[in-house]
Amino acid sequence: MERTGPVRADGSLSEATIILLHAVSQVDLELLRAVRIRPSRSNWFRAPWYRYHRGGAITIGRTIWFTRIWFAPDGSGDGSLRSTWKWLLHLAHEVGHLPQAERFGRSLWGKARYVAAFTWQYGSRALLLRRPIHDGSRLEREADLGRQVLMQLIGQAGSDHPVVTAIHEGDAQATRKWCAQNTAKITALAANYREHNSVSARS
Ligand SMILES: [Zn+2]
């Protein structure tokens, strides 16, 4: 079954999606090509650390598990332009976890340590009553770079934006052109986000 939108039938990202996510998140092309998107098994979402995670996705190793709602024909899997935009925003955050997962290592032990790091960050913040728990953790702020850049670039326009249409239609050439035209803006937004986050990380 061939479908339009950011994710191909085999769970890989479309070329247009890879180009945009690489531009906004600065995650390596190699990682973006290797990642697979899968419908989650329900047991992930009973894990105690999971409830803190935003919006129904979790990145483990090179797999991003999305809850089944994301694939529902009457939900975010309806193949509409609007769902493409929703997917892009959420992917822009989740792919930010890919380099982190690489840093922790891809062995079972590495994956366990990665999950433990999240549990610790959420748990310790909850204990100190610091909020928001999810967005406040260091790993989460780091991962959110791409989503923040994307929001500031086209957040208001949403699914009406031409680059969202280009990705929806699988137009890699138009996406590449748009990214090239916006390189300076993207670089400035990313630098600004990093600067603000190193400030709040120390407070
Ligand atoms: Zn996250």
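**Burial, pairing and packing in a predicted model**

Me: What makes Gln 26 partly exposed?
Reply: Gln 26 has 16 other C-beta atoms within 10 Å. A residue is buried with 20 or more and exposed with 12 or fewer. The count of 16 lies in between, so Gln 26 is partly exposed. The model is a predicted one, and Gln 26 lies in its loop between helix 1 and helix 2 (29-34).

Me: What is there to say about the phi of Gln 26?
Reply: The phi of Gln 26 is positive, about 65°, although Gln 26 is not a glycine.

Me: Why does Ala 101 count as buried?
Reply: Ala 101 has 20 C-beta neighbours inside 10 Å. The cut-off for a buried residue is 20 or more, so Ala 101 counts as buried. Its place is in helix 4 (residues 98-104).

Me: Which residues does Ala 101 touch, leaving out those up to four places away in sequence?
Reply: Ala 101 touches Thr 59, Ile 60, Gly 61 and Tyr 114. Ala 101 and Gly 61 are 40 residues apart along the chain, yet 5.4 Å separates their C-alpha atoms.

Me: What makes helix 8 (residues 145-154) mostly covered?
Reply: Eight of the 10 residues of helix 8 are buried. They are Leu 145, Gly 146, Arg 147, Gln 148, Val 149, Leu 150, Leu 153 and Ile 154. Across the chain of 203 residues, 32% count as buried.

Me: Why are helix 1 and helix 8 called roughly perpendicular?
Reply: They pack at an angle of about 100°, with their axes 8 Å apart. Angles of 65 to 115 degrees count as roughly perpendicular, and the angle of about 100° falls in that range, so the name applies to helix 1 and helix 8.

Me: Which residues of helix 1 and helix 8 meet?
Reply: On helix 1 they are Leu 21, Val 24 and Ser 25, and on helix 8 they are Leu 145, Gly 146, Val 149 and Leu 150. The residues of this contact divide into five nonpolar, two polar and no charged.

Me: How do you know that helix 1 (residues 15-25) and helix 10 (residues 172-181) are roughly parallel?
Reply: The angle at which they pack is about 15°, and their axes are 8 Å apart. Angles under 35 degrees count as roughly parallel; about 15° is under that cut-off, so helix 1 and helix 10 are roughly parallel to each other. Helix 1 passes helix 10 in a left-handed crossing.

Me: Which residues of helix 1 and helix 10 meet?
Reply: Helix 1 brings Glu 15, Ala 16, Ile 19, Leu 20 and Ala 23, and helix 10 brings Ala 172, Thr 175, Arg 176 and Cys 179. This contact has six nonpolar residues, one polar and two charged.

Me: What makes the pairing in the sheet mixed?
Reply: Strand 1 (residues 36-39) and strand 3 pair in the parallel sense over four bridges, while strand 2 (residues 57-60) and strand 3 run antiparallel and are also joined by four bridges. Two strands pair if there are at least two bridges between them, so each pair meets the cut-off. The sheet is open and has the order 1-3-2.

Me: Why are strand 1 and strand 2 placed at the edges?
Reply: Each of them has a single partner strand, so one side of each is left without a neighbour in the sheet. Neighbouring strands are turned by 25° against each other on average, direction ignored.

Me: Which residues of strand 3 (residues 63-66) lie on its covered face and which on its uncovered face?
Reply: Ile 64 and Phe 66 form the covered face, and Thr 63 and Trp 65 the uncovered one.

Me: How many residues lie between strand 2 and strand 3 in their hairpin?
Reply: There are two residues between them, and Gly 61 in the turn has a positive phi of about 60°.

Me: How many helices and strands does the chain have?
Reply: The chain has 11 helices and three strands. Along the sequence they follow the pattern α-α-β-β-β-α-α-α-α-α-α-α-α-α.

Methods
Residues are numbered from 1 along each chain as its sequence is written. This is a predicted model: local features need pLDDT of at least 70, side-chain atom pairs count only at pLDDT 80 or more; totals for chains, interfaces and linings use all residues. Axes are lines fitted to C-alpha atoms, for helices over the stretch in contact, and angles run from 0 to 180 degrees between N-to-C directions. Angles under 35 degrees count as roughly parallel, over 145 as roughly antiparallel, 65 to 115 as roughly perpendicular and the rest as oblique. A crossing is left-handed if the near helix is turned anticlockwise from the far one by less than a right angle, and right-handed if clockwise. Two residues are in contact if their C-beta atoms, placed from the backbone, lie within 7 Å. Ala, Val, Leu, Ile, Met, Phe, Trp, Tyr, Cys and Pro count as nonpolar, Asp, Glu, Lys and Arg as charged, and the others, Gly among them, as polar.
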